[in-house]
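Notebook open, structure loaded. I want to look up the charged side chains and one of the helices.

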Amino acid sequence: MSAATLRVLYEDNHDWLCQWLRRRLGCSDEAADLAHDTFLRVLRKPEELPGVREPRAYLTTIARGLLNDHWRRRSLERAWLEAAAALPAEFAVSPEALLSMQQALHRLDRMLANLAPKAREVFVLSQLEGLSYAQIAARLDLCDRTIKRYMAQGFELCLTLME
């Protein structure tokens with residue numbers, strides 16, 4: 001991908017993408033941030049651009065993924081803040097500790113995003129909800145072998161990220 005090709009893609013579509021995102025987010029600043037992130041993703045995979053026939057469809061696909069990540073993070077933050085606010089006064093958490101825990105949740109969320117959706121669901125049910133492999137298999141209608149394979153993927157990812 002040449003710099004000229006990228007420049008044309010950006011110039012022809014940046015404003016349109018910002019408007020598309022603004023309609024979904026209701027916030028110009030967040031829309032601009034996600035548009036920026038969309039073009040960063042394009043830069044990271046330059047080999048894909050020459051085969052793109054519909055640039056707006058290509059950008060929309062990338063932006064939708066980023067929007068889903070954005071809404072998932074926002075939902076996670078909201079749930080965490082609600083849980084922290086519901087704690088009794090003697091368990092109140094300092095703003096610094098809240099921020100630290102929120103950052104840890106974001107790291108965990110990014111890590112889990114690297115797993116396939118079913119593998120992520122299995123890993124969360126086991127590690128965060130404490131279900132046994134048999135309970136997960138019954139709930140998701142999967143065989144024990146599949147549960148073990150998904151768990152191995154989750155643990156392997158954890159070990160890789162710890163290195």
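Predicted model: local features only at pLDDT ≥ 70, side-chain atom pairs only at ≥ 80, totals over all residues.

I call it a salt bridge when a side-chain nitrogen of Lys or Arg sits within 4 Å of a carboxyl oxygen of Asp or Glu.

Entry on salt bridges. By that rule I get four salt bridges. Asp69 and Arg72 make one of them, at 3.2 Å from N to O. I place both in helix H3 (residues 55–85), three residues apart, so about one helical turn separates them. Arg72 is partly exposed, since its relative accessibility is 31%.

Next I looked at Glu11, which pairs with Arg7, the closest N and O atoms being 3.5 Å apart. Both lie in helix H1, four residues apart. Glu11 is exposed at 53% relative accessible area, while Arg7 is partly exposed at 47%.

Glu121 and Lys118 form another bridge, 3.7 Å from N to O. They are three residues apart in helix H5 (residues 117–127), again about one turn. The spacing makes sense to me: an α-helix has 3.6 residues a turn, so residues three or four places apart point the same way.

Entry on the positive patch. I find Arg22, Arg23, Arg24 and Arg64 forming a positive surface patch. Helix H1 (residues 3–25) gives the largest share, three residues. Arg24, in H1, is partly exposed at 37%.

Entry on helix H6 (residues 133–140). Which residues of H6 are buried? I get Ile136, Ala137 and Leu140. They cover an arc of only 100° around the axis, so they share one side of H6. Ala134, Ala138 and Arg139 are exposed on the other side. After H6 comes Asp141, with a positive phi near 55°.

Definitions and conventions
Residues numbered from 1 in each chain as written. Heavy atoms only, no water. Patch = residues over 30% accessible without salt bridge, like charges linked within 9 Å, V, L, I, M, F, W, Y side chains within 5 Å. Areas by Shrake-Rupley, 256 points an atom, 1.4 Å probe, with all protein chains shown as cover. Lys, Arg positive; Asp, Glu negative; His and termini not counted. Charge placed at Lys NZ, Arg CZ, Asp CG, Glu CD. Helix = DSSP H or I, 4+ residues; strand = E, 2+ residues; numbered from the N terminus. Buried < 20%, exposed > 50% of the residue type's maximum accessible area, 1.4 Å probe, protein only. Arc of directions from axis to C-beta.
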